[in-house]
Each structure stands twice: as C-alpha cells, then as structure tokens.
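This report goes through the structure shown below. It starts with the single chain and then turns to the pairing of the chains.

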There are 2 protein chains.
Amino acid sequence: MPRSADAVVLVSGGLDSCVTLARAFVDCHGVALLHATYGQRTAARERASFDAIADHYSVPLELRLVLDLSFLGSMGGSALTDARVPVPEGLPGKGVPTTYVPFRNGLLLSAAVSWAEVLEADSVWIGVVEEDGSGYPDCRESFLAAFESAARLGSRTGESMRVLRPLVGLRKSEIVRLGFELHAPLPLTWSCYRSTESACGRCESCILRLRGFEEAGVADPIRYDDDGTGHGV
Amino acid sequence: MPRSADAVVLVSGGLDSCVTLARAFVDCHGVALLHATYGQRTAARERASFDAIADHYSVPLELRLVLDLSFLGSMGGSALTDARVPVPEGLPGKGVPTTYVPFRNGLLLSAAVSWAEVLEADSVWIGVVEEDGSGYPDCRESFLAAFESAARLGSRTGESMRVLRPLVGLRKSEIVRLGFELHAPLPLTWSCYRSTESACGRCESCILRLRGFEEAGVADPIRYDDDGTGHGV
C-alpha cells in the first residue's frame, strides 16, 4: 500500500462505505480513510469495523484518521445520538426518519475535503445511497452535486477536486453484488443502529441490508439476533 | 434575549464576525452563537473574545456552543495550526497564503447548518470577506452561493435555509463603519494571528484590520505592541 493518497474515503464501517472503499481501492493509487465518531449508540462497534476494514486493505496508520464529532451528539435531534429517542423498527415511512443526524454528511464531506487538501488528494468518496435509502436529505444526488460545486469553489485544489458517490443510484441488492465482485470484506462490516454484539435485524438499517442480500440471492455473512436471519424467532 | 433562535451566527471573536453578529442581532428574533477551536495559536484569546461578545449581547448559555475541531489542527497544513510554519508578516501576496486552514469555512458552515436544523432556525450567518480579504478560497462569494445551495438541498429545512454573509462584498473600512453604526462591541474583538496579550500589528490579519480603521478614519480600540499603532517603534 502506498504511503501517499490521491483519494480520501469516508468509512463508517457499514456495508455501503466498505463497497465504496473497494471501488476506490481499484480506481485510485492510494487511499486515505476517514472515520467519524459522534456519540452514536454503536460508535465502538463501528470503530472496530473501521479498524478491521483498514487492516484488510493494509492502509498505513498515517493514512487513517478518526474524527471526534461528538458535538453532533451533544446538539441532539436524532435517535442515533439521543438515548431518549427510540430507534424505530421496520422500514422507514414517509418523511425524514428520526434516525436522521442533521446535515451529518455535509460535515463529513467537509472534513474529507479539508484532509484531501492537506494530503494533496483530488477526490473524496462517500458511500451514500439515494434510491433505496431511508429518506435522509443529505443522501440525495442533488445535494452531492451541489456540495461538489462548493468543494471545488471553496478549496485550494479547485476544479480538480471531485466528490465521488459511486453507489448513489444503486439499489441495496446491486451494492451487495458489487461488493462480492470487488471482493469487499463484507463479513467485517456493521450496519445495525441498535446492537453491538449481533445485529438486531429489526431496525431500519438492518432491514434494508437484509432485503438487499435477499434480493441479491446471497447470504449475509454477519451474525443476527435470534435465528440468524434477522426475522426473529 | 429570547431563549429560542431563528439564526445561528458563527462568532470567532474577530472584527468581522462581531459586526456580522451585530447585523443578525438587529435582523433576527433570536441568535445562537457557534464558536470553534481547532488548535490555532490564539485559540484561548479568541475564546475569551467570544465569551465577552456573547455576554455583551446577553445570549443565554444554552444558545452558545463551542466546537472542538482540533482534528483540523492535527491534519496540519496551515501556519495558524502548525507551530513549524511561521505566521507571515505584511500583506498577503498572490495565491493562497500559508495561514489558510483547508476548507475551514466548509466545516464551520456545516456545523452551523446542523445546529440550525436542531434549533429549527432558518439562517446561518458567517462574517467572511472576499474583496478586501486575504485570498482564502473558502471566503469567495461563489463558494458561499454554492454552499447555500448544498445546505438547502441537504437539510430537512430545505428551501427556507439561508446562508447569510452580509460582509462578503465590503471593504474592511466599510465593515469598521458598519460596526460603529450598529454599536458592535469592537473593543472586545481579537484579530491577531500571533499574539494573545496585545496584538502584534504586523501579521496579515492585524495589517488588514489596522488599514480598515485608518481608511475609516477612526482609532482601533484594541491594544497593540510597541507604540500602540501596530507599526512598531
């Protein structure tokens, strides 16, 4: 693995960011990995997945950065960071779900652009998904295109800075298939919003993930509560 | 002062953000103040100015937030956060100066939008100055317009979210005059990049500030090294 990077990849430890990294790893000379902790319920488990995925790709320690965005948690306003707001079960309904963390992707992308400027990298990568996603406003393609314009105009790098979102138009089942094609280390990923030992199988994130594997016709390699399918006993 | 806010104002403790706050205080029902520390040399002095300005406007404690963005410092890449890079003297030359902190305003604005969403505020205010500024890419009007589009598309608030930059097209002397008109507490502000007791009078930021007061035909109320004019003895 090279000691310099031309790409900064946001890696939460979940399925989507892992597949995004697998794509960047193929397309770029060197990758730098950015992970954020912001007081979310499953922060320690996501960090463990981040470390394992970074090890899998032999990314040098100086090209890994963990940001403390705990002020996002202290601001409140999301079921992911506020223990008083329950994490909902089932698929998301209409409107913005309670698990939305306000403008989190704006913050993460800004931090990635900052680091890209320092590293003289010319792209940042984010694993957001619009179509099959959960209604978060900061996962829309229109937001990402506008943010890319802002990043080009507001950084020293200028026109050469790209904000890449290779999954934004894919369905979850297509992401699972792409992950297999690219040999992404899917058993190392973590998507559950609630649990940290075995995945709950019932929160929005687990249900979207399980549906993706089911539609792709392959088994999800991570462990779920109860009967191992995520559907409970 | 109301206990709720319709505006989030970024307040560094410097002249420009103080005048921006004075404007927002007149135009809005309630203001919330966001300050960031990121490992810059004069962080403690800027924080003291922030506190004094917030007290001046009687902003309740729950509407003040201090963000720790120290990862910006650990990323390096700027004379403001890296003790090995000297802070230059004199007016900035061509190109992006070494005091540029990569994409800092993207980060600050993203944090402000996050908090605005939580508070149900519909505007964020930033005291950036393009014309008479120091060549930072993230102070350009074009960047701010693009960022505003991104903020609208990427937040729950949508079209009602505004990114206000009332000083962006002003010269420093016009900002000084506006500050006097709006009774902004200019003696409480701090602009120097290097010193924390009396201002050095020689760094880029001091020189731009002193020139602004001189062109406005008024005395700068803060204390400078040496002979008190910022020009040395």
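**Confidence**

The model is predicted. Chain A has a mean pLDDT of 89, with 94% of its residues at 70 or more. For the complex, the predictor reports an ipTM of 0.88 and a pTM of 0.90.

**Fold of chain A**

Seven helices and five strands make up the secondary structure of chain A. Their order along the sequence is β-α-β-α-β-α-α-β-α-β-α-α. The C-alpha trace of chain A extends about 55 × 35 × 30 Å along its principal axes. A compact globule of 233 residues would have a radius of gyration near 17 Å, and the 17 Å of chain A agrees with that.

Of the 233 residues in chain A, 54% are buried. Among the contacts in chain A with a separation of 6 or more, 72% are between residues 24 or more positions apart.

**Nonpolar core**

The largest nonpolar core has 156 residues. The residues with the most contacts inside this core come from both chains: Val8(A), Ala32(A) and Ala112(A), together with Val8(B) and Ala112(B). What does Ala32(A) touch, leaving aside residues up to four places away in sequence? Its partners are Ala5(A), Ala7(A), Val8(A), Leu63(A), Trp115(A), Leu119(A) and Ala121(A).

| Residue | Loop between |
|---|---|
| Glu120(A) | α4 (104–119) and β4 (123–125) of chain A |
| His183(A) | α6 (172–181) and α7 (204–216) of chain A |
| His29(A) | α1 (15–27) and β2 (31–37) of chain A |

Glu120(A) has a positive phi, near 60°, and is not a glycine. His183(A), also a residue other than glycine, has a positive phi of about 55°.

Are these residues buried or exposed? Glu120(A) is exposed, because 12 other C-beta atoms lie within 10 Å and the cut-off for exposed is 12 or fewer. His183(A) counts as exposed with 11 C-beta neighbours inside 10 Å. His29(A) is exposed with 10 other C-beta atoms within 10 Å. The C-alpha atoms of His29(A) and Asp6(A) are 6.4 Å apart, while the two residues are 23 residues apart along the chain.

**Contact between the chains**

How many residues does each chain give to the contact? Chain B gives 35 residues and chain A gives 35 residues. On the side of chain B that touches chain A, the elements giving two or more residues are β3 (64–68), α3 (70–75), α4 (104–119) and α5 (141–154) of chain B. Of these, α4(B) gives the most, with ten residues. By residue type, this side of chain B has 20 nonpolar, ten polar and five charged residues.

Two copies of a chain are related by a rotation about an axis and a shift along it. Here, chain B is superposed on chain A by a rotation of 180° with 0.0 Å of shift along the axis, at an RMSD of 0.0 Å. This is the relation of a two-fold axis. Since 100% of the interface residues of chain B are also interface residues in chain A, the copies meet through the same surface.

Definitions and conventions:
Residues are numbered from 1 along each chain as its sequence is written. Chains are lettered from A and ligands numbered from 1 in the order in which they are written. This is a predicted model: local features need pLDDT of at least 70, side-chain atom pairs count only at pLDDT 80 or more; totals for chains, interfaces and linings use all residues. A nonpolar core is a set of buried Ala, Val, Leu, Ile, Met, Phe, Trp, Tyr and Cys residues joined through C-beta atoms within 7 Å. A residue is buried if 20 or more other C-beta atoms lie within 10 Å of its own, exposed if 12 or fewer, and partly exposed in between; C-beta atoms are placed from the backbone. Two residues are in contact if their C-beta atoms, placed from the backbone, lie within 7 Å. Helices (H or I, at least four residues) and strands (E, at least two) are DSSP runs, numbered from the N terminus. Ala, Val, Leu, Ile, Met, Phe, Trp, Tyr, Cys and Pro count as nonpolar, Asp, Glu, Lys and Arg as charged, and the others, Gly among them, as polar. Copies are superposed by least squares on the C-alpha atoms of residues with pLDDT of at least 70 in both. The radius of gyration is taken over C-alpha atoms; the globule rule is 2.2 Å times the number of residues to the power 0.38. pLDDT is the predictor's confidence in each residue, from 0 to 100.
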